[in-house]
Structure formats: structure tokens, C-alpha cells
Amino acid sequence: MVHPQFNNLSLANDIALLRFVQPARRRPHIDVVCMPHPGQVSETEGTRCVVTGWGRKLEGNFDGTHSVILKEIEVPLWDDAKCQAALKTQFGPNFVLPSTSICAGAEGRDACDGDGGGPLVCEKEGQWFQVGVVSFGIGCGRTNLPGVYTRLSAFDGWIHETIRSFKTLSG
């Protein structure tokens, strides 16, 4: 189920939910993570989080290969205003960071091509919470350019409503 207000130009509301026919089996690279209630997990600048994926390891590696091993890297969250200012240097002065986005990354540490849709998780008191979904970026780990993630807290109501509607449909 793609979000009804998804905008392919701005990538606002860049989120979709999948319904599995059968439950996923937990494995070393397949596990559960909690979805935080709005405000439950800090989304402030400098909060250390982890992004995982099977994407490219380096920008410019366009030989068609992605990692065969799940990779993870710690990335700091960015302040929204600083993120928007950094992205304006690439997209121009009229760029507006959607309120449904959150930014993370540091020089040399970022998601890369092929990681789209992957989780951005943060730990709080020993529990992992998913705060974002890899959306887009400019290159991979470039200086002063964060990656952009869909902010899950902006979709709390839609996610719960959609899950309830799936349960109603399946009886």
C-alpha cells in the first residue's frame, strides 16, 4: 500500500506498507524492530542511529554489484534546518525539505545506491526503534550532505489505520 499522498517529485510521503502472505521467519539478518510512538525516541541533531542495507559500498561503483552481506553503519541525525540548507546547495534555493523527512549521515558514513527502503533505527534503553526509511541522497557519504529518510513518526496514524484495514479485510 503506497501512501496516498506520495509525491514522486519531492519524495514527500515516501512510504509504503507490505502485507506478507506468511510471517517472515526471524534470522540473523531478518528481525523485528519497534515502531516508536510520536516523541518516544529523540529525533534531535546528533542522536546516533544505524542504517542497514545491501546497497553499494562506495559512490560511483556502478558495475552492477551490491553487497551480498548485510551492511550496517552508525550515522548521526541532522537538524532539519541544517539539512535543508545543505540540500539547497545541490537542489537550489527553492528546495524545501518535506516535514515527512529526517536527515542522517556523516562524511563517509551514509546509505548508498541500493539501500532505498532500508531501516534507520535508533536505540533507547536497550530497545531498537525504527525512526526512518532510506529515501534519497546525493552520492554516498559526501562531505556536508546527509542522506534523507522518511520520518516514521509522521506516519504513525496512517500506519496503524492501514494495518487495521488489512485486518478488517482478512477477517
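**Reading a sheet and its residues**

Tutor: Let us begin with β1, which is largely enclosed by the rest of the structure because 5 of its 6 residues are buried. Buried means under 20% relative accessible area, exposed means over 50%, and partly exposed lies in between (1.4 Å probe, protein chains only). Strands are DSSP runs of E with at least two residues, numbered from the N terminus. This is a predicted model, in which local features need pLDDT of at least 70 and side-chain atom pairs count only at pLDDT 80 or more, while totals for chains, interfaces and linings use all residues. Residues are numbered from 1 along each chain as its sequence is written, and side-chain values use heavy atoms, with hydrogens and water left out.

Student: In what order do the 6 strands form the open sheet?

Tutor: Strands of a sheet pair through backbone hydrogen bonds, either parallel or antiparallel. Here the order is β2-β1-β4-β5-β6-β3, with antiparallel pairing; two strands pair if DSSP finds at least two bridges between them. At the edges stand β2 (71-76) and β3 (101-104), each with a single partner strand, so one side of each has no neighbour in the sheet. From one strand to the next, the twist averages 40°, where axes are lines fitted to C-alpha atoms and angles run from 0 to 180 degrees between N-to-C directions.

Student: How many bridges join β1 to β2, and how many join β1 to β4?

Tutor: Between β1 and β2, which run antiparallel, there are 6 bridges; V51, for instance, has I73 in β2 as its bridge partner. Between β1 and β4 (residues 119-124), also antiparallel, there are 3 bridges, and V50 has V121 in β4 as its bridge partner.

Student: Which residue in β6 is the bridge partner of V133?

Tutor: The partner is T150. Strands β5 (residues 127-136) and β6 (residues 147-151) run antiparallel and are joined by 4 bridges.

Student: Is T150 buried or exposed, and which residues does T150 touch?

Tutor: T150 has a relative accessible area of 2% and is therefore buried. Leaving aside residues up to four places away in sequence, T150 touches D14, I15, T100, I102, V131, G132, V133, S135 and F155; contact means heavy atoms within 4.5 Å.

Student: Where is the place of G39, and why does G39 count as exposed?

Tutor: G39 lies in the segment before β1 (48-53), and counts as exposed because its relative accessibility is 76%. The C-alpha atoms of G39 and S67 are separated by 34 Å, and these residues are 28 residues apart along the chain.
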